[in-house]
Amino acid sequence: MDSLDTKTCAQRHSGALWSRANSLPVQPCHVAMVQSRTRKYHKEVETSLRRHERSVSSYLSLFGFQGQSWAFILSDAMILTQCASCAAPLPHLAKQCSRCKTRYCGPACQKQHWEGGGHDLLCKKIKKGGGAEQYNADKKFVAAVATAAEECAEATKGQTCYICTEAVHRRTKEGLVRGCACRGTAGFAHVSCLVEQVKILCDEAEANNLDFKDFKPRWDRWSSCSLCEQSYHGVVKCALGWACWKTYLGRNSEQDFTIRLAAMTELGNGLFSAQAAAEALVVHKAQVVAYARNPPSADQIDLPYLAALSNVANCFAQLGREEEAQVIRRMVLAKERSFYGDGHLEPIMTAANIANAMVQCKKPSAKKYAEIREFTREWVSIAQSSGLGDHHITNRIKEAYAYGIYRDPAASLDDVREGVTILEDVDRSYRQILGKDHPVSAHTRASLVYVKGRLAHARVIAEIKLRRKL
Ligand SMILES: [Zn+2]
Ligand SMILES: [Zn+2]
Ligand SMILES: [Zn+2]
Ligand SMILES: [Zn+2]
């Protein structure tokens, strides 16, 4: 394994609830005016986004919002963005089944789906299940829990849930999972128990009207373990993502816009972590469109929007659309840098993703290696000077820096040695923070094996050269 894997991309979630704290109250008298202006605007954004589906510039042009009013008007962002019959991308206001809200590109597809696609048999059931969006999410959640429990079956054998203390869940009969950094006998749980726990925390927070600062740590339980405080990953994260989305997708009042979009983030990140980038892309793109329909005023930077764009970029990368991904990331980095200044984790995270992508270049030239070294050296030093030198995100930049040194065909023995030293440091730190089973740790270890082999080889060559001279 000679390059950092895309799965190590850090998907964003921290910004998602930010606008909760930053949102401005909407003046009632302005609503009608803004509504009509925004409606026209949505149309433009959506048309342009669909027309330039594959073009990078359409995403970049979305950065150029000017003079738009902050308005929580439309809060009906959804993830079923394709025609249920022919899978064509749908406009926001597409035709839908009047009973169950399944959406189509037109009457012909609706008719076809009813007569030949089995919708006549499912329509009632979908309506009873809360409509197309809810029905889909509930179904996906059940499947995701089954997948997670199955994948964790071996590792959870003989254990019990730390929440309900059973091995098999009493009601759902699901098996145990563990997808965080908990070690030993800690951290085994049922997805359903984890969901119940975080729901109680968030419901309580909402009932007591807690502010952002107090709400955020509770919300974070959708994506990170309450015992080890680390993020879930893979299939467990994916199941929790579906759980979160199915819980909040019905929230479509103006006030709930933020929470609905935040739930979308959890789902997209979960899918991404489970290597389902194509599905994750649909979700994050839906978010981008939703944010584009609700742009902030000129004096605010829309952080959730930048986070959604970063996530779109990561999905592109996982799907092999690297060029598009890098252009978006560079734009996001410039925006974040100007907003946060350098000493903040957000731009460092974006820089880590850029570095990660740089090392995946298929046949790097000497210039490319120099570029990798220059970029990563700058960002490691930025991270260090802002006290984030040991953060695991910074470790990923260090890893890319090491790669820029030891992979360069012109590397000297000392260069390769330096690469080994850096990777050993990074490996040690990952083991401490993430545990040795985390995919990121495992990846670094594989790189270390490679570079040590390279070092041994370089030593032999050097010795042969030396002998020849003598
Ligand atoms: Zn269709
Ligand atoms: Zn229907
Ligand atoms: Zn349980
Ligand atoms: Zn844990």
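**Figure 1. Thr165 lies in the loop between helix 6 (132-152) and helix 7 (191-207).** The model is predicted. Thr165 has a positive phi of about 65 degrees. Thr165 is not a glycine. Most residues other than glycine have a negative phi. Is Thr165 buried or exposed? Within 10 Å there are 8 other C-beta atoms, so Thr165 is exposed; the cut-off for that class is 12 or fewer.

**Figure 2. Lys101 sits in the loop between strand 1 (95-96) and strand 2 (103-104).** Lys101 also has a positive phi, here about 70 degrees. Lys101 is not a glycine either. Its surroundings hold 17 C-beta neighbours inside 10 Å, so Lys101 counts as partly exposed. That class falls between the cut-offs of 12 or fewer for exposed and 20 or more for buried.

**Figure 3. Overview of the protein, with 18 helices and two strands.** The protein has 470 residues, and buried residues make up 42% of them. Take the contacts with a separation of 6 or more: residues 24 or more positions apart account for 66% of these.

**Figure 4. Helix 9 covers residues 234-248.** How many of its 15 residues are buried? The count is 15 of the 15, so helix 9 is largely enclosed by the rest of the structure. The length of helix 9 can be checked too. At 1.5 Å a residue, the 15 residues should span 21 Å. The expected span uses one less than the number of residues. The end C-alpha atoms of helix 9 are 22 Å apart, which agrees.

**Figure 5. Helix 15 (residues 366-385) packs with helix 16 (residues 392-406).** The axes are 8 Å apart. The packing angle is about 150 degrees. Angles over 145 degrees count as roughly antiparallel, and helix 15 and helix 16 are therefore roughly antiparallel to each other. Their crossing is left-handed. Which residues of helix 15 meet helix 16? They are Tyr369, Ile372, Arg373, Thr376, Arg377, Trp379, Val380 and Ala383. From helix 16 come Thr394, Ile397, Lys398, Ala400, Tyr401, Tyr403, Gly404 and Ile405. By class, this contact has 10 nonpolar, three polar and three charged residues.

**Figure 6. Helix 17 (residues 413-434) crosses helix 18 at roughly 160 degrees.** The axes of helix 17 and helix 18 come within 9 Å. The crossing angle makes helix 17 roughly antiparallel to helix 18. The crossing of helix 17 and helix 18 is left-handed. By class, 13 nonpolar, four polar and eight charged residues form the contact of helix 17 with helix 18.

**Figure 7. Ala458 is placed in helix 18 (residues 439-469).** Ala458 has 19 other C-beta atoms within 10 Å, so it is partly exposed. The cut-off for buried is 20 or more. What does Ala458 touch, not counting residues up to four places away in sequence? Its contacts are Leu413 and Val416. Ala411 gives a further reference point: Ala458 and Ala411 are 47 residues apart in sequence. In space, they are 9.6 Å apart, C-alpha to C-alpha.

Definitions and conventions
Residues numbered from 1 in each chain as written. Chains lettered and ligands numbered in written order. Predicted model: local features only at pLDDT ≥ 70, side-chain atom pairs only at ≥ 80, totals over all residues. Axes fitted to C-alpha atoms, helices over the stretch in contact; angles between N-to-C directions. Helix = DSSP H or I, 4+ residues; strand = E, 2+ residues; numbered from the N terminus. Parallel < 35°, antiparallel > 145°, perpendicular 65-115°, else oblique. Left-handed = near helix turned anticlockwise from the far one by under 90°. Contact = placed C-beta atoms within 7 Å. Nonpolar A, V, L, I, M, F, W, Y, C, P; charged D, E, K, R; others polar.
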